[in-house]
Amino acid sequence: QIVGVNGAEIDSFGELVAIVSINTGAPLDIKVLRGGSDVTLTVTPERKLTQDPFGNEIRVGQIGIRPSADRKYVHHERYGPIAAIGKGTEWTFSIITKTLYYVKRLIAGQESADQLSGPLRIGQISGQAAQLGLFTLVQITAVLSVSIGLINLFPVPLLDGGHLLFYSYEAIRGKPLSERTQEYGFRLGLALVLMLMLFATWNDLNHFGLF
């Protein structure tokens, strides 16, 4: 039984998948409960071409294992309102940290940028999630909401994070940036946002085989 990765405890196979998928080429210390004793194994995920639950081809890190098909190893937990808020907060924090970690590895050239999705693939995945039921659609909606909110807080002029950056400068210096500086900042921010949108859309078109 796998109980932890890199010192952090995990409670489900989904948590293991989330960690492994964004750590291509990075050694992971996996803690395994075997025969009543803890054993630590070091594995390095390799980027593999696979399919997501909707049949879309993706490239993610894998270590060559899968969950048992025996239903006796599957269990469901129900939480009360207070515990559910705590779990929701924990899940939101997990999405944020994993997203930032992926961006860090992307900048360092350790992850592929072909997994960045634009509006076309987001629409496709949302439609597929709706076909699987309300619960799956709500999950996808939550992930998108957290991800978009996080991106909006990046310190890029034009986004809310950029406004907060300008406000912080004003609070520290006691005066705002000049109008000309702010204008150039917004132009730069607009260029960055447009380039990101174009790149993500290009990935979408490649995914659909249009290029």
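**Sheet, helix packing and an aromatic pair**

Strands β1 and β3 run antiparallel and are joined by three bridges. Residue Val-5 stands opposite Ile-30, which belongs to β3. The structure described here is a predicted model. In this model, β1 and β3 are part of an open sheet of four strands, whose order is β2-β1-β3-β4 and whose pairing is antiparallel. The edges of the sheet are taken by β2 (8-9) and β4 (37-43), each of which has a single partner strand, so one side of each is left without a neighbour in the sheet.

Helix α1, formed by residues 13-21, packs on this sheet and touches β1, β2 and β3 (28-34). The direction of α1 makes about 35 degrees with that of β1.

The pairing of β1 (residues 2-5) with β2 is antiparallel and extends over two bridges. Val-5 has Ala-8 as its bridge partner in β2, and Val-5 also stands opposite Ile-30 in β3. The loop between β1 and β2 contains Asn-6. This residue is not a glycine, yet Asn-6 has a positive phi of about 50 degrees. With a relative accessible area of 46%, Asn-6 is partly exposed.

Leu-28 stands opposite Val-43, a residue of β4. The two strands β3 and β4 form a hairpin with two residues between the strands. In this hairpin, Gly-35 takes a positive phi near 60 degrees.

Helix packing was examined next. Two packed helices are described by the angle between their axes and the distance between the axes. For helix α3 (residues 119-132) and helix α4 (residues 134-152), the angle is about 150 degrees and the axes are 7 Å apart. An angle over 145 degrees counts as roughly antiparallel, and α3 is therefore roughly antiparallel to α4. On the α3 side, the contact involves Ile-122, Ile-125, Ser-126, Ala-129, Ala-130 and Leu-132. These residues meet Thr-136, Leu-137, Ile-140 and Leu-144 in α4. By residue class, the contact of α3 with α4 comprises eight nonpolar residues, two polar residues and no charged residues.

The loop between α4 and α5 contains Leu-158. Leu-158 is a residue other than glycine with a positive phi, near 100 degrees. Its relative accessibility is 39%, and Leu-158 therefore counts as partly exposed.

A search for aromatic pairs gave a count of one. The pair consists of Phe-166 and Phe-186, with a centre-to-centre distance of 5.7 Å and 80 degrees between the planes. The arrangement is edge-to-face. Phe-166 lies in helix α5 (residues 160-173), whereas Phe-186 lies in helix α6 (residues 179-207), so the pair ties together parts that are 20 residues apart in sequence. Accessibility was computed for both members of the pair. Phe-166 has a relative accessibility of 13% and counts as buried, because buried means under 20%. Phe-186, at 26% relative accessibility, counts as partly exposed.

Technical notes. Residues are numbered from 1 along each chain as its sequence is written. This is a predicted model: local features need pLDDT of at least 70, side-chain atom pairs count only at pLDDT 80 or more; totals for chains, interfaces and linings use all residues. Side-chain values use heavy atoms; hydrogens and water are left out. Axes are lines fitted to C-alpha atoms, for helices over the stretch in contact, and angles run from 0 to 180 degrees between N-to-C directions. Angles under 35 degrees count as roughly parallel, over 145 as roughly antiparallel, 65 to 115 as roughly perpendicular and the rest as oblique. Contact means heavy atoms within 4.5 Å. Ala, Val, Leu, Ile, Met, Phe, Trp, Tyr, Cys and Pro count as nonpolar, Asp, Glu, Lys and Arg as charged, and the others, Gly among them, as polar. Rings of Phe, Tyr and Trp (its six-membered ring) pair if their centres lie within 6.5 Å; planes under 30 degrees apart count as stacked, over 60 as edge-to-face and the rest as tilted. Buried means under 20% relative accessible area, exposed over 50%, partly exposed in between (1.4 Å probe, protein chains only). Two strands pair if DSSP finds at least two bridges between them.
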